[in-house]
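The entries below follow the order in which I looked things up.

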Amino acid sequence: SDLLQAIKGLLGAQSETDAGRLSVASSLHCVTCVFRCLKNQGEVWDMDLQDFYDVLFQCVWRIGAAPEEVQHVPLLLDALRLALYDMRQLSSDRVAGFCKRLLALTLSLPPQHAMAVLSLVRMLFTRYPKTRRLVEMDHACVGVYNPELGNAELSNALASTAYEVSLLRRSLQPLLPGERPLMQYSCCCCL
């Protein structure tokens, strides 16, 4: 618990300027460490994990915004798997927020990284069925999606659709046959 508090303090002490911010890799290592510790403790904790989810959510954006950060996609996927897939009882809004941001990230990634991200999103759609509403055309939306928020749960991702999947289908970088992990969930992609 002291280690988790120390990591939370390290991540919380970051400033908004680039000079005072941990690198993407350092942030991802911190978040991965926290969720590995929690997994080894049998998911018993007495602290709020929201700060760690917020850091992870911001890392997705930072990787998409800087081409030199693409090398950290495998580390990002490991942290996301630990934080979202291996954890139990997460809200659909939080997972949908991450899925929507990950789908946006795939548009700026090389094909091999985009496929890995799509594979994780597919795993999350399977684990959290309510998040599939992102790829359904006939779901009722309440509110407006705000991609600029730093909190996945409050971004209201379920009020939008995953148009990114349709863009990926029409990409100049064709996906290899048999490597279309989201297409089975996406009726809106078959336009």
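Entry 1. Are H3 and H5 roughly parallel or roughly antiparallel to each other? I note at the outset that the model is a predicted one. I looked up the axes of helix H3 (residues 50-65) and H5, which come within 9 Å and cross at roughly 15°. Angles under 35 degrees count as roughly parallel, and H3 and H5 are therefore roughly parallel to each other. I recorded the crossing of H3 and H5 as left-handed. On the H3 side I listed Gln50, Tyr53, Leu56, Phe57, Gln58, Val60, Trp61, Ile63 and Gly64. These meet Arg94, Gly97, Phe98, Arg101, Leu102 and Leu105 in H5. Sorted by class, the residues of the contact of H3 with H5 are nine nonpolar, four polar and two charged.

Entry 2. Helix H5 (residues 92-106) packs with helix H6 (residues 111-127) at an angle of about 160°, the axes lying 9 Å apart. That angle makes H5 roughly antiparallel to H6, since the label applies to angles over 145 degrees. H5 passes H6 in a left-handed crossing. From H5, the contact draws on Val95, Cys99, Leu102, Leu103 and Thr106. From H6, I noted Ala114, Val117, Leu118, Leu120, Val121, Leu124 and Phe125. The class count for the contact of H5 with H6 is eleven nonpolar, one polar and no charged residues. I also noted that Leu102 of H5 is listed in the contact with H6 and in the contact with H3.

Entry 3. How do the axes of H1 and H3 cross, and at what angle? The axes of helix H1 (residues 2-12) and H3 come within 10 Å and cross at roughly 45°. That makes H1 oblique to H3. The crossing of H1 and H3 is left-handed. Leu4, Ile7, Lys8 and Leu11 of H1 make the contact with Asp51, Phe52 and Val55 of H3. I counted five nonpolar, no polar and two charged residues in the contact of H1 with H3.

Entry 4. I then checked the loop between helix H2 (24-40) and H3, where leucine 49 has its place. Is leucine 49 buried or exposed? Leucine 49 counts as buried because its relative accessibility is 6%, and the cut-off for buried is under 20%. Leaving aside neighbours within four places in sequence, I found leucine 49 in contact with Phe35, Leu38 and Met87. Leucine 49 and valine 34 are 15 residues apart in sequence, and their C-alpha atoms are 9.2 Å apart in space.

Entry 5. I looked up burial in helix H4 (residues 73-85), which is mostly covered, with ten of its 13 residues buried. The buried residues of H4 are Val73, Leu75, Leu76, Leu77, Asp78, Ala79, Leu80, Leu82, Ala83 and Leu84.

Entry 6. The chain has seven helices and zero strands, and along the sequence its pattern reads α-α-α-α-α-α-α. Of its 191 residues, 49% count as buried. The accessible surface of the chain comes to about 9600 Å², and 54% of that surface belongs to carbon and sulfur atoms. Among contacts in the chain with a separation of 6 or more, residues 24 or more positions apart account for 70%.

Note on methods:
Residues are numbered from 1 along each chain as its sequence is written. This is a predicted model: local features need pLDDT of at least 70, side-chain atom pairs count only at pLDDT 80 or more; totals for chains, interfaces and linings use all residues. Side-chain values use heavy atoms; hydrogens and water are left out. Axes are lines fitted to C-alpha atoms, for helices over the stretch in contact, and angles run from 0 to 180 degrees between N-to-C directions. Helices (H or I, at least four residues) and strands (E, at least two) are DSSP runs, numbered from the N terminus. Angles under 35 degrees count as roughly parallel, over 145 as roughly antiparallel, 65 to 115 as roughly perpendicular and the rest as oblique. A crossing is left-handed if the near helix is turned anticlockwise from the far one by less than a right angle, and right-handed if clockwise. Contact means heavy atoms within 4.5 Å. Ala, Val, Leu, Ile, Met, Phe, Trp, Tyr, Cys and Pro count as nonpolar, Asp, Glu, Lys and Arg as charged, and the others, Gly among them, as polar. Buried means under 20% relative accessible area, exposed over 50%, partly exposed in between (1.4 Å probe, protein chains only). Accessible areas come from the Shrake-Rupley method with a 1.4 Å probe; for residues, only the protein chains shown count as cover.
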